[in-house]
Amino acid sequence: MSAGTDTQLGIDVGGTSIKGAVVDLGTGELAGAIRSEPTPETATPADVVSAIGRIASAVDWSGPVGVALPGVIDGSSLRHAPNLSGVFEEDGALVCLRAPDGANAVLINDADAAGLAELTYGDAGIDRDGLTIVLTFGTGIGSALLHNGDLIANSELGGLEGTNGRFEEIASGRAISTEELSPVEWAQRAQPFFDELEAMLNPSRWVVGGGLSENFDRFASRLELSKPISVAHLGIHAGVVGAAVAVRRAGRGAAGNAAQ
């Protein structure tokens with residue numbers, strides 16, 4: 001399948017898996033099955049390029065690929081990506097991902113990809129209702145800020161520290177799984193961070209994505225918030241869809257802060 005105006009391959013690189021699918025850009029729905037590979041223990045840029053190549057081959061895709069990465073994209077390197085190899089933080093680390101003979105990728109932060117998907121295919125009110133904070137709960141906690149229809153890229157709100165540690169270390173999807181946290185136990189850990197973000201940023205609404213979106217009602221209902229909270233429109237596939245949208249935006253010269 002070659003790149004066309006209505007479909008695009010999106011890849012979401014996570015701490016535990018690398019998954020991708022062809023996306024129908026008209027609807028935001030997947031145009032084929034999700035393909036997934038375990039994230040290699042080394043998880044170097046070369047490892048990620050190889051995995052992307054195998055996924056592209058499996059879906060018979062040629063052309064540019066949208067890739068969502070778990071870290072801050074800073075020129076030719078990635079910052080704050082504890083679940084990938086430290087090689088990603090070296091100058092030039094992202095060259096092989098962007099090169100046509102590598103992955104030929106448009107890169108975007110993974111939480112920003114989820115935010116972009118929400119902005120494009122989610123609740124229409126997001127483009128005019130002030131600030132929406134999107135939080136993705138997986139191996140860590142990613143964040144995206146959507147303000148009156150614009151994506152403010154590379155926020156890393158999961159790095160906030162409280163008395164019991166970093167938000168993403170004590171309240172992530174991985175923490176829920178490895179520590180077998182109940183919804184009440186999770187909410188006790190997460191509530192202070194939501195309170196701090198609400199005090200600092202005064203959002204109009206919250207959107208939750210990542211693995212937590214599958215258990216949204218059980219967990220989010222335990223929070224006490226003054227503004228509405230909802231599950232991401234595209235759930236666990238938001239990163240894949242947002243990565244695909246980033247390619248379209250880059251091709252139109254309108255990527256702005258979204259695609260790097």
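## Glutamate 179 and arginine 189

Glutamate 179 counts as partly exposed, at 42% relative accessibility; buried means under 20% relative accessible area, exposed over 50%, and partly exposed in between, with a 1.4 Å probe and protein chains only. Arginine 189 is also partly exposed, at 25% relative accessibility. The side chains of glutamate 179 and arginine 189 meet in a salt bridge, with 2.6 Å from N to O. A salt bridge is a side-chain nitrogen of Lys or Arg within 4 Å of a carboxyl oxygen of Asp or Glu. This pair links distant parts of the chain, 10 residues apart: glutamate 179 is in the loop between α5 (173–178) and α6 (183–201), and arginine 189 is in helix α6. Helices (H or I, at least four residues) and strands (E, at least two) are DSSP runs, numbered from the N terminus.

## Basis of the model

This is a predicted model, in which local features need pLDDT of at least 70 and side-chain atom pairs count only at pLDDT 80 or more, while totals for chains, interfaces and linings use all residues. Residues are numbered from 1 along each chain as its sequence is written, and side-chain values use heavy atoms, with hydrogens and water left out.

## Other salt bridges

A search of the whole structure finds five salt bridges. One of them joins the side chains of glutamate 37 and arginine 54, at 2.8 Å from N to O. The two residues of this pair are 17 apart and belong to distant parts of the chain, with glutamate 37 in strand β3 (residues 35–38) and arginine 54 in helix α1 (residues 45–58). Glutamate 37 is buried, with a relative accessible area of 18%, whereas arginine 54 is partly exposed at 44% relative accessibility.

Another salt bridge is formed by arginine 166 and glutamate 168, whose closest N and O atoms are 2.7 Å apart. Both arginine 166 and glutamate 168 are buried.

## A buried aspartate

Aspartate 12 lies in strand β1 (residues 7–13). Aspartate 12 is buried yet has no salt bridge. The nearest side chain of opposite charge is that of lysine 19, 4.6 Å away; Lys and Arg count as positive and Asp and Glu as negative, while His and the chain ends are not counted.

Leaving out residues up to four places away in sequence, aspartate 12 touches Ser17, Ile18, Lys19, Ala68, Asp110, Gly239 and Val240. Contact means heavy atoms within 4.5 Å.

Aspartate 60 lies in the loop between α1 and β4 (65–69). Its phi is near 55 degrees, a positive value in a residue other than glycine. Aspartate 60 is exposed, with a relative accessible area of 55%. Asparagine 148 is in the loop between β9 (141–147) and β10 (150–152). The phi of asparagine 148 is near 50 degrees, again a positive value in a residue other than glycine. Asparagine 148 is partly exposed, with a relative accessible area of 38%.

Leucine 234 is in the loop between β14 (229–231) and α8 (238–251), and is buried, with a relative accessible area of 18%. Not counting residues up to four places away in sequence, leucine 234 touches Gly28, Ala117, Glu118, Tyr121 and Val241. Leucine 234 and leucine 69 are 165 residues apart in sequence, and their C-alpha atoms are 18 Å apart in space.

## The chain as a whole

The protein chain has eight helices and 14 strands. Its C-alpha trace spans about 50 × 40 × 30 Å along the principal axes. A compact globule of 260 residues would have a radius of gyration near 18 Å, and the 17 Å of this chain agrees with that. The radius is taken over C-alpha atoms, and the globule rule is 2.2 Å times the number of residues to the power 0.38.

Of the 260 residues, 52% count as buried. Among contacts between residues at least 6 apart in sequence, 61% join residues at least 24 apart. The accessible surface comes to about 11000 Å², of which 46% belongs to carbon and sulfur atoms; accessible areas come from the Shrake-Rupley method with a 1.4 Å probe, and for residues only the protein chains shown count as cover. The chain has 16 positive and 33 negative charges, and their mean positions are 3 Å apart. The place of a charge is taken as NZ of Lys, CZ of Arg, CG of Asp or CD of Glu.
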